[in-house]
Amino acid sequence: MKKPIITIIILLVYIGTVISQETKEKVDSSVYAEEDQYEDDPYFWSYTKEIGINFTPLVSKLVPFNLGQNDSGLIGLRWKKYYSSRAFRINFGANVTSEEIDNGNPFIYLAFGVEKRYPITKDKKLAYTSAWDLAFSVEGEDGDGFFGIAKGYGFEYHITKRIFLSTEAQMNLGISSNNVIKVQFQLPTAVFVNVRLY
Amino acid sequence: MRFLPFLLMFLFTSSIVFSQKETTSIQSFYPYKNEIGINFTNVLGNVLSLNPNNANSPYGLTYRRHLGKKSFRSAFSLQVNNEKNRDFENGFSVTRTINQTTSQFRIGLEKHIVLNKRVLFSYGFDILGKVMTDNSSVQDNNGFGSVTFTSKETTFGGGAGPMLRLEFKISDRLFISSESSLYGFYSTTTENLEFGNQPSEQTKSSDSNIELLLPQSLFFNISF
């Protein structure tokens with residue numbers, strides 16, 4: 001009588017462990033399962049959404065050799081929706097506070113555009129982007145406005161498939177509020193930490 | 001033998017429970033329910049002689065309560081400044097008193113997305129509040145009598161806005177985080193001026209702001 005009972009106990013414990021292993025694998029894969037679904041697409045970023053946050057103020061604080069005030073640019077947040085190989089993107093930045101108005105530095109920036117990402121390395125960890133934006137901004141105490149197009153070239157490094165760093169240079173061409181044609185080349189000034197969502 | 005089914009049931013469930021420890025779900029990212037965060041930016045800057053630019057988040061202390069994939073979040077700061085100076089010159093005296101109190105709070109909800117075993121992305125919405133009092137007086141004793149000027153300033157403010165947050169897990173109990181927010185804020189200030197205990201002037205002003213706050217503070221979070 002004892003032997004069957006011991007066998008049943010061992011069997012039940014074994015089944016329990018196996019079932020829980022499966023459960024564990026399911027939970028484990030739940031984080032990565034979605035990104036694995038996109039392996040067959042042209043790129044691992046195809047059909048994903050991306051949110052980028054300008055981390056320059058924090059990074060500049062923690063880098064020892066940077067002792068000056070930094071200009072982190074007008075763009076604070078970046079949102080992209082990637083289709084097969086191209087993305088629709090929105091760039092946004094704003095600082096309209098009484099303090100900044102007193103200092104003469106308030107601004108609003110908004111841009112919509114399309115982007116394409118090109119892998120540089122085989123593992124696609126390094127990539128560059130090419131984008132066209134329709135940009136609108138108001139800056140300074142006098143409210144100097146700008147409306148025009150911006151051609152952007154960016155550089156990206158993927159730490160993982162879901163987290164990557166990026167920076168971008170832009171050539172702005174448009175009309176300012178004084179009806180003057182404005183051409184401005186904006187060198188890369190900000191480091192963005194981007195998160196990919198599925 | 002009567003306890004055999006219970007024993008079997010116990011062994012079966014316990015084997016499932018114990019073997020589910022290593023997961024990358026939100027439950028395994030946050031094994032503890034409560035989290036207190038302390039703004040460590042200035043400490044790092046001062047100790048490691050890093051960038052001296054000290055502009056950072058107004059909130060020094062945060063508390064979060066994890067509720068599965070969502071968390072209740074709050075932050076609080078309090079500043080109290082009391083000063084009294086007395087100057088003597090040619091037998092005259094001037095006494096200046098300043099009492100300032102600023103308290104700011106923020107509450108909200110956030111939702112989490114686990115990016116990998118070490119990194120978590122959160123997005124949410126906050127409601128903000130601010131109460132500030134600034135009472136100052138100057139008492140001028142010029143030998144012929146005493147004259148007192150008093151200013152009482154009270155500010156109430158409120159706002160709201162979305163936020164984004166990145167958190168890095170060092171261990172089950174220790175996390176580093178930074179966040180970005182887009183807050184709209186409105187405040188009203190009432191200032192009463194008194195001259196010799198007689199109200200002489202009252203002014204009211206209001207202020208409205210929209211600010212995209214980029215990540216510039218590093219919080220060390222401890223779970224319990």
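This report covers selected strands, loops and residues of chains A and B.

The model is predicted: local features need pLDDT of at least 70, side-chain atom pairs count only at pLDDT 80 or more, and totals for chains, interfaces and linings use all residues. Residues are numbered from 1 along each chain as its sequence is written, while chains are lettered from A and ligands numbered from 1 in the order in which they are written.

**Strand pairing in chain A**

Helices (H or I, at least four residues) and strands (E, at least two) are DSSP runs, numbered from the N terminus. Two strands pair if DSSP finds at least two bridges between them. E5(A) takes part in both pairings of the table.

| Strands of chain A | Sense | Bridges |
|---|---|---|
| E4 (residues 107-119) and E5 (residues 126-139) | antiparallel | 13 bridges |
| E5 (residues 126-139) and E6 (residues 144-158) | antiparallel | 14 bridges |

A:Tyr118 faces A:Tyr128 of E5(A). A:Ser130 stands opposite A:Tyr153 in E6(A). The hairpin of E4(A) and E5(A) has 6 residues between the strands, and A:Lys124 takes a positive phi near 65° there. In the hairpin of E5(A) and E6(A), 4 residues separate the strands, and A:Gly140 has a positive phi near 80°.

**Positive phi in two loops**

Most residues other than glycine have a negative phi. A:Tyr47 is not a glycine, yet its phi is positive, about 55°. A:Tyr47 sits in the loop between helix H1 (2-37) and strand E1 (49-54) of chain A. A:Asn179 is not a glycine either, and has a positive phi of about 60°. A:Asn179 belongs to the loop between strand E7 (163-176) and strand E8 (181-186) of chain A.

How exposed are these residues? A residue is buried if 20 or more other C-beta atoms lie within 10 Å of its own, exposed if 12 or fewer, and partly exposed in between; C-beta atoms are placed from the backbone. A:Tyr47 is partly exposed because 14 other C-beta atoms lie within 10 Å. A:Asn179 has 6 C-beta neighbours inside 10 Å, so A:Asn179 counts as exposed.

**Chain B and B:Asp140**

Chain B has 3 helices and 9 strands. From the N terminus, its elements run α-α-β-α-β-β-β-β-β-β-β-β. Of its 224 residues, 20% count as buried.

Two residues are in contact if their C-beta atoms, placed from the backbone, lie within 7 Å. Among contacts in chain B with a separation of 6 or more, 60% join residues 24 or more positions apart.

B:Asp140 lies in strand E5 (residues 119-141) of chain B. B:Asp140 counts as partly exposed because it has 14 C-beta neighbours inside 10 Å. Leaving out residues up to four places away in sequence, B:Asp140 touches B:Val94 and B:Val147. B:Val94 is 46 residues from B:Asp140 along the chain, and their C-alpha atoms are separated by 4.7 Å.
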